Amino acid sequence: MLRCTRFRNGRPEDIPGGETLDALRDIPEDTFVWLEVPPERFDLLHEAARLLELPALAVEDAGRPHHRAKLERYPGCEFIVLKVLGYAEERSAVTTSELLMFLTERVLITVRHGGQDPAVEAHRRAADRPDLVALGTRAMVYLLADSVVDSYLVIAAQLGEDLVALEQRVFAPNRDDPTEDLYSLKREVLEFRDAVEPLLPVAHQLIRQDNGVPGLLGQHFRNVADHVIRAERQIVSCDELLNSVLAAQFSRAGLWQNEDMRKISAWAAIALIPTIVGAIYGMNFENMPELHWAFGYPLALLVIIVLCCVVYAMLRRNRWL
């Protein structure tokens, strides 16, 4: 949904859609404008870009999704891309959207690709902190980035919980095979890392005292950077543990195969006894022991049963059965 908001001394004022470009042309000293452009209104983005002289390459990139997270500085403008993550608990799946921001001294333009919209949370936080919003467009960028990065920590914790549950399944006494679920979780962890890792250079730059953001906002941005680093460390630890759990599952699968082969071999050894006896007495010879004796057949069956029981007991004692 197209939304244009003017902030004067931290207080929001919605601007009708037909007055958007006029609001961008004439901005008082103590005011800034936040323009939220939906994907279907890129014509408005191009008009605003010509009006504000935004970099053409960045505007062209904003029309296409699937960017990596980044921060690019142009004369009079900064172009910021953040990955907005969501988590579907019923499928244990990470969902990814993108938030692209054009930041100037008095104008913030955001473009969103995907279902998650951090602007809703940013507006709520802005209503609670008019003193912070009064600091300008960078304050609004902080609120957007903070709401996005806070979700990173939540999702990293949820992925960790899923991993613990799968780890318990791997080491359970029954023969549960969670290999498919482990690979699914591995895919979600990699998607998470793809969203967070490109932000690390920016985060390390922001945590420095000379990060280019003065005063109170500098402290807030350092807090966001710290959350990015924490989320990255959590997901790296989760990925390493996931690799270990996968290796353990492969080892257990190998043990299961060995156990199955031992059982098959044990039953084959037992089945070999009646096969040998039957093969001997199935030969067409006249002079064979006990061939014409009335108790020969029952005795042969008894010998087979006794030998099978003895072999079974030996294999059972050696834990082959």
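This is a predicted model: local features need pLDDT of at least 70, side-chain atom pairs count only at pLDDT 80 or more; totals for chains, interfaces and linings use all residues.
Tutor: Residues are numbered from 1 along each chain as its sequence is written, and side-chain values use heavy atoms, with hydrogens and water left out.

Student: Why is T5 called buried?

Tutor: Buried means under 20% relative accessible area, exposed over 50%, and partly exposed in between (1.4 Å probe, protein chains only). T5 has 0% relative accessibility, so T5 counts as buried. T5 sits in strand β1 (residues 3-8); strands are DSSP runs of E with at least two residues, helices are runs of H or I with at least four, and both are numbered from the N terminus.

Student: And what is T5 in contact with, leaving aside its neighbours within four places in sequence?

Tutor: Contact means heavy atoms within 4.5 Å. On that count T5 touches P12, E13, D14, F32, V33, W34 and H123.

Student: What makes E53 exposed?

Tutor: E53 has a relative accessible area of 68%, so the label is exposed. E53 is in the loop between α2 (42-52) and α3 (56-62), and its phi is near 60°, a positive value in a residue other than glycine.

Student: N9 also has a positive phi. Is N9 buried, exposed or partly exposed?

Tutor: N9 is at 49% relative accessibility, so it counts as partly exposed. Its phi is near 55°, and its place is the loop between β1 and β2 (11-15).

Student: Why is G114 called partly exposed?

Tutor: Because its relative accessibility is 45%. G114 is in the loop between β7 (107-113) and α4 (119-128), with its C-alpha 9.3 Å from that of P39, 75 residues apart along the chain.

Student: What makes a set of residues a nonpolar core?

Tutor: They must be buried Ala, Val, Leu, Ile, Met, Phe, Trp, Tyr and Cys residues joined through side-chain atoms within 4.5 Å. The largest such core here has 61 residues, and M140, Y152, L159 and F192 have the most contacts inside it. Helix α6 gives the most to this core, with 17 residues. A second, separate core of 26 residues includes L24, L45, V81 and V107.

Student: What makes a space a cavity, and how many are there of 30 Å³ or more?

Tutor: On a 1 Å grid over the protein atoms alone, a cavity is a set of points where a 1.4 Å probe fits but cannot get out; lining residues have an atom within 4 Å of a point. The count comes to one cavity of 30 Å³ or more. The largest cavity holds about 280 Å³ of space, a volume being the space filled by probe spheres set on the points, which are joined across faces, edges and corners.

Student: Which residues line the largest cavity?

Tutor: There are 21 lining residues, with L71, I80, V202, L206 and F221 nearest the centre of the largest cavity. The lining divides into 17 nonpolar, no polar and four charged residues. Among the elements that each supply at least two lining residues are β5 (77-88) and α9 (215-281).

Conventions: On a 1 Å grid over the protein atoms alone, a cavity is a set of points where a 1.4 Å probe fits but cannot get out, and a pocket is an open set with protein on both sides within 12 Å along at least five of seven lines; lining residues have an atom within 4 Å of a point. Ala, Val, Leu, Ile, Met, Phe, Trp, Tyr, Cys and Pro count as nonpolar, Asp, Glu, Lys and Arg as charged, and the others, Gly among them, as polar.
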